Amino acid sequence: MAFVINDDCINCGACAIECPVEAILKPVKNYNNKISISKTLSAVHYFIDLLNCNECFNEDEHKCVEVCPMDAIKNINS
Ligand code: SF4
Ligand code: SF4
């Protein structure tokens with residue numbers, strides 16, 4: 001799916017708590033084991049596993065976008 005976290009992220013973790021499918025992951029430094037997750041993988045800030053994000057299917061809002069204090073989560077298709 002098409003939501004990504006940009007460099008404005010301050011790693012507060014709020015989005016990861018709210019995501020109904022646990023698609024938002026902490027930054028990782030070991031790329032070797034995580035390389036298949038998605039192109040959005042980051043060692044600096046939280047990132048969204050594009051394979052698991054369902055864009056909050058059947059929800060009224062995009063949970064992560066709503067809670068982010070930095071407006072750091074963007075829909076790259078819009
Ligand atoms: S849009 Fe919804 S499903 Fe996708 S990462 Fe954000 S909270 Fe999770
Ligand atoms: S809510 Fe926003 S600032 Fe906090 S970890 Fe998620 S993307 Fe980063």
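Which residues have the most contacts inside the largest nonpolar core? They are I5, C15, I24, Y46, I48, C64 and I73, in a core of 16 residues. Strand 1 (3-5), strand 2 (24-25) and strand 3 (47-48) each contribute at least two residues to this core. The model is predicted, and the mean pLDDT of the protein is 88.

**Overall architecture**

- The protein contains two helices and four strands, and from the N terminus on these elements follow the order β-α-β-β-α-β.
- Of the 78 residues of the protein, 22% count as buried.
- Among the contacts with a separation of 6 or more, 68% join residues 24 or more positions apart.

**Confidence**

- A pLDDT of 70 or more is reached by 86% of the residues.
- Among the elements, helix 1 (residues 14-18) has the highest mean pLDDT, 98, and strand 2 has the lowest, 93.

**Nonpolar core**

- In soluble globular proteins, nonpolar side chains tend to be buried together.
- I5, one of the core residues with the most contacts, is in contact with H45, Y46, F47, I48, A72 and I73 when its neighbours within four places in sequence are left aside.

**Surroundings of the ligands**

- Ligand 1 has 15 residues around it, of which C19, C53, C56, K63 and C64 come nearest.
- The shell around ligand 1 comprises 10 nonpolar, two polar and three charged residues.
- Ligand 2 is surrounded by 16 residues, and the closest are C9, C12, A14, C15 and C68.
- The shell around ligand 2 comprises 13 nonpolar and three polar residues, with no charged residue.

**Backbone at two loop residues**

- Most residues other than glycine have a negative phi.
- N11 has a positive phi, near 60 degrees, and is found in the loop between strand 1 and helix 1.
- N11 counts as partly exposed because 14 other C-beta atoms lie within 10 Å.
- C56 also has a positive phi, near 55 degrees, and its place is in the loop between strand 3 and helix 2 (63-67).

Note on methods
Residues numbered from 1 in each chain as written. Chains lettered and ligands numbered in written order. Predicted model: local features only at pLDDT ≥ 70, side-chain atom pairs only at ≥ 80, totals over all residues. Near = placed C-beta within 6 Å. Nonpolar A, V, L, I, M, F, W, Y, C, P; charged D, E, K, R; others polar. Core = buried A, V, L, I, M, F, W, Y, C linked by C-beta atoms within 7 Å. Buried ≥ 20, exposed ≤ 12 C-beta atoms within 10 Å, placed from the backbone. Contact = placed C-beta atoms within 7 Å. pLDDT = per-residue confidence, 0-100.
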